[in-house]
Amino acid sequence: MNYQTSMPDEKLIQFYLNGDPNAMATLVELYKDRVYRCIYNIVQDRHVAEEIVQEVFICLINNMIAGQVAEDGNFLQWATRIAQNLCVDYTRKSRQAIVVNTSAA
């Protein structure tokens, strides 16, 4: 089933949780570019940003399956909050890798 982009996010989430993967595909299509831009603005690396986008949607799916959904039903806000958290994690790991790398020399 193809969904209209004007359908509320909460409905698409509910359809996905009821077993329709097309609903998640619609959410991904609606928001992937904005999530990518949010991530890219932080990490400034296209390949890293693409990887984190994938992690964001995997995290969203896992949260939905576990019964955790956006409190206000705003999928984009929820996705960008997860994206920002993953970017912070990436930045921390990158800094640690640099410190370890320079101390090994």
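Is Lys32 buried, exposed or partly exposed, and what is its relative accessible area? Lys32 is partly exposed, with a relative accessible area of 30%; the points below place this residue and several others within what is a predicted model.

1. Overall make-up. The secondary structure of the protein chain consists of four helices and zero strands, and from the N terminus on the elements follow the order α-α-α-α. Of the 105 residues in the chain, 33% are buried. Among contacts with a separation of 6 or more, 48% are accounted for by residues 24 or more positions apart. The chain exposes about 7,000 Å², and carbon and sulfur atoms supply 50% of that area.

2. The salt bridge in helix 2. The structure holds three salt bridges, and one of them joins Lys32 to Glu29, with the closest N and O atoms 3.4 Å apart. Both residues lie in helix 2 at a spacing of three residues, which is about one turn of the helix. Glu29 is classed as exposed because its relative accessible area is 53%, whereas Lys32, at 30%, is partly exposed.

3. The side chains of Asp89 and Arg92 meet in a salt bridge with an N to O distance of 3.9 Å, a value to read against the cut-off, which requires the nitrogen to be within 4 Å of a carboxyl oxygen. Asp89 and Arg92 are both in helix 4, three residues apart, or about one turn of the helix. Asp89 is partly exposed at 34% relative accessibility, while Arg92 is exposed, with a relative accessible area of 52%.

4. Side chains of opposite charge can pair when their charged atoms come close. Asp20 is buried yet has no salt bridge, and the nearest side chain of opposite charge, that of Lys11, is 13 Å away. Asp20 is located in the loop between helix 1 (9–17) and helix 2 (21–43), and its side chain does reach the backbone nitrogen of Asn22, at 2.9 Å.

5. Surroundings of Val35. Val35 has its place in helix 2 and counts as buried because its relative accessibility is 0%. Leaving aside residues up to four places away in sequence, Val35 touches Val53, Val56, Phe57, Leu76, Ala79 and Ala83. The C-alpha atoms of Val35 and Gln84 are separated by 9.4 Å, although these two residues are 49 residues apart along the chain.

6. A nonpolar surface patch. Leu17, Ile65 and Val69 make a nonpolar surface patch of about 260 Å². One of these residues, Val69, is found in the loop between helix 3 (46–65) and helix 4 (75–104), and its 39% relative accessibility is why Val69 counts as partly exposed.

Methods. Residues are numbered from 1 along each chain as its sequence is written. This is a predicted model: local features need pLDDT of at least 70, side-chain atom pairs count only at pLDDT 80 or more; totals for chains, interfaces and linings use all residues. Side-chain values use heavy atoms; hydrogens and water are left out. Helices (H or I, at least four residues) and strands (E, at least two) are DSSP runs, numbered from the N terminus. Buried means under 20% relative accessible area, exposed over 50%, partly exposed in between (1.4 Å probe, protein chains only). Lys and Arg count as positive and Asp and Glu as negative; His and the chain ends are not counted. A polar contact is a pair of N or O atoms within 3.5 Å; within protein, one must be able to donate a hydrogen and the other to accept it, and residues adjacent in sequence count only if both atoms are side-chain atoms. Patches are made of residues with over 30% relative accessible area and no salt bridge: like charges are joined within 9 Å, nonpolar side chains (Val, Leu, Ile, Met, Phe, Trp, Tyr) within 5 Å. Accessible areas come from the Shrake-Rupley method with a 1.4 Å probe; for residues, only the protein chains shown count as cover. Contact means heavy atoms within 4.5 Å.
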